[in-house]
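Trainee: Could we go through this model together? I would like to start with a term.

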Amino acid sequence: MCPLSFRVTAGDKQLDTVPVQQKESGDSMSSKPKSIGIIGAPFSKGQPRGGVEKGPAALRSAGLVEKLKETEYDVKDYGDLAFADVPNDCSFQIVKNPRSVGKADEQLAGVVAEVQKSGRVSVVLGGDHSYIIKTLGIKYFSMTEVDKLGIGKVMEETFSYLLGRKKRPIHLSFDVDGLDPAFTPATGTPVLGGLSYREGLYITEEIYKTGLLSGLDIMEVNPALGKTPEEVARTVNTAVALTLSCFGTAREGNHKPGVDYLNPPK
C-alpha cells in the first residue's frame, strides 16, 4: 500500500500533500496501532546550519519518550542512526552533500520500513529534512490560503484530496520551522508569519482522529540556533506537544472512558 505524505514546511510557509512510495508494511498499519517506534536521525548535511543533529537528544531530554508512554502506548526507542561520512561529496546545484543525503535517506527509509513492519508507528526525530519538494508537482496550501480558508477548511480539503477515493496510511512530516518563530525560534529557517501554535496542534489532532497515522517525522529542531536557553526550551516543548497530539493528547485533556466526572465516586 502506498502511504500518503502530509508535510508542514517553512520557506514559503506551506502545507504539502503528496503520495510517497514506501516499502510494503503488510498488515502492520492498522487504523489504531497502540505501539510506537522512535528513531533518532541526527543528520545535518543537507543544509548549511550546524546543530540540527542535536535535535533528537534535545527531544529525548525533554521527556518525550516518557510522555508518550503516559499515553498508554507501547513505546520502543531504537536509538540514533549512525550516518557514514561520504568523502568528496561536492554540492550539485542547490543540493548540499547529495551523496550523503541520498545514503542517509536510504538508510532511514529502511529502518522506518522495519519499524512499521513490526506493527509500530514510526516516529523519526530530526535532524534536517533534505528533500526538494517543489519539484514533485504536489498540492500545497500557502499561508495566504491558510489565512483565507482557515485551518479547518484546509484540513478538510487535504483529507478530501488524500483520502477521498481510498483510505490509506498517512505519513506526517512536520518541520517545526513551519510554525511562526514565536513558537519555534530554535530552528534553521525561521520565517515570520508561519502557522500558529493552535494551527499546528489542530493539524496533528485532525490527523490523529483519522486513525491512519503510520509514520511521523518531527524535524528541524536546532538547539544551537536558540539565542537563549528559553528559546531552545520553547522550541523543544512545542515539538513535544505536536508529537503527543499526534497520538491523542488533546488540549482539553484526556478523559478516561466510562468515568462520570460530573458525579465522581465518594
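This is a predicted model: local features need pLDDT of at least 70, side-chain atom pairs count only at pLDDT 80 or more; totals for chains, interfaces and linings use all residues.

Trainee: Then is N88 buried or exposed, and why?

Mentor: N88 has a relative accessible area of 70%, so the residue is exposed. N88 sits in the loop that runs between strand 4 and helix 3.

Trainee: And how far is N88 from S100?

Mentor: The two are 12 residues apart in sequence, and their C-alpha atoms are 10.0 Å apart in space. S100 is one of the buried residues of helix 3.

Trainee: What covers them?

Mentor: The cover includes strand 3 (35-41), strand 4 (74-80), strand 5 (121-126), strand 7 (170-175) and strand 8 (213-219).

Trainee: What span should helix 3 have?

Mentor: Helix 3 has 20 residues, 98-117, and at 1.5 Å a residue these should span 28 Å. The C-alpha atoms at its ends are 28 Å apart, so the two values agree.

Trainee: What about the backbone just after helix 3?

Mentor: There, G119 adopts a positive phi of about 90 degrees.

Trainee: Changing topic, how many helices and strands does the protein chain have?

Mentor: The protein chain has seven helices and eight strands. Of its 266 residues, 52% count as buried.

Key:
Residues are numbered from 1 along each chain as its sequence is written. Side-chain values use heavy atoms; hydrogens and water are left out. Helices (H or I, at least four residues) and strands (E, at least two) are DSSP runs, numbered from the N terminus. The expected span of a helix is 1.5 Å times one less than its number of residues. Buried means under 20% relative accessible area, exposed over 50%, partly exposed in between (1.4 Å probe, protein chains only). Contact means heavy atoms within 4.5 Å.
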